[in-house]
Amino acid sequence: MLKFVKNYMVTIAGVEIYPLISLIIFFTFFVVLFWWVFTAKKEYIKTVSNLPLEN
């Protein structure tokens with residue numbers, strides 16, 4: 001099955017760009033996530049982390 005898919009994908013023109021695009025989206029998402037985590041205010045983090053315990 002994988003051999004069929006691999007041979008089929010080779011025949012498609014420009015298919016090699018899709019893994020690169022997905023890698024860039026993945027990398028960008030986690031860079032933005034790490035940036036948000038390190039720049040978030042400590043008061044906000046405490047408030048959000050205590051929300052489930054307030055009931």
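Residues are numbered from 1 along each chain as its sequence is written, and side-chain values use heavy atoms, with hydrogens and water left out.

On confidence (pLDDT, the predictor's own score for each residue, from 0 to 100), the chain has a mean of 86, with 95% of its residues at 70 or more. Among its elements, helix α2 (residues 17-39) comes out highest at a mean of 94, while helix α1 (residues 2-10) sits lowest at 74. Where pLDDT is low, predicted coordinates should not be read in detail.

As for the fold, the chain has three helices and zero strands, in the order α-α-α along the sequence. Helices here are DSSP runs of H or I with at least four residues, strands are E runs of at least two, and both are numbered from the N terminus. The radius of gyration (over C-alpha atoms) is 21 Å, well over the 10 Å that the globule rule (2.2 Å times the number of residues to the power 0.38) gives for 55 residues, so the chain is more spread out than a compact globule. Its C-alpha trace spans about 55 × 25 × 10 Å along the principal axes. Leu51, in the segment after α3 (42-50), has its C-alpha atom 53 Å from that of Thr11, 40 residues away along the chain.

Leu51 is partly exposed at 47%, and so is Phe30 at 31%.

The structure holds three aromatic pairs; one of them, Phe29 with Phe30, is edge-to-face, at 5.1 Å centre to centre and 80 degrees between the planes. Pairing takes ring centres (Phe, Tyr, or the six-membered ring of Trp) within 6.5 Å, with planes under 30 degrees apart called stacked, over 60 edge-to-face and the rest tilted. Ring pairs join Phe26, Phe29 and Phe30 into a cluster.

Definitions and conventions. Buried means under 20% relative accessible area, exposed over 50%, partly exposed in between (1.4 Å probe, protein chains only).
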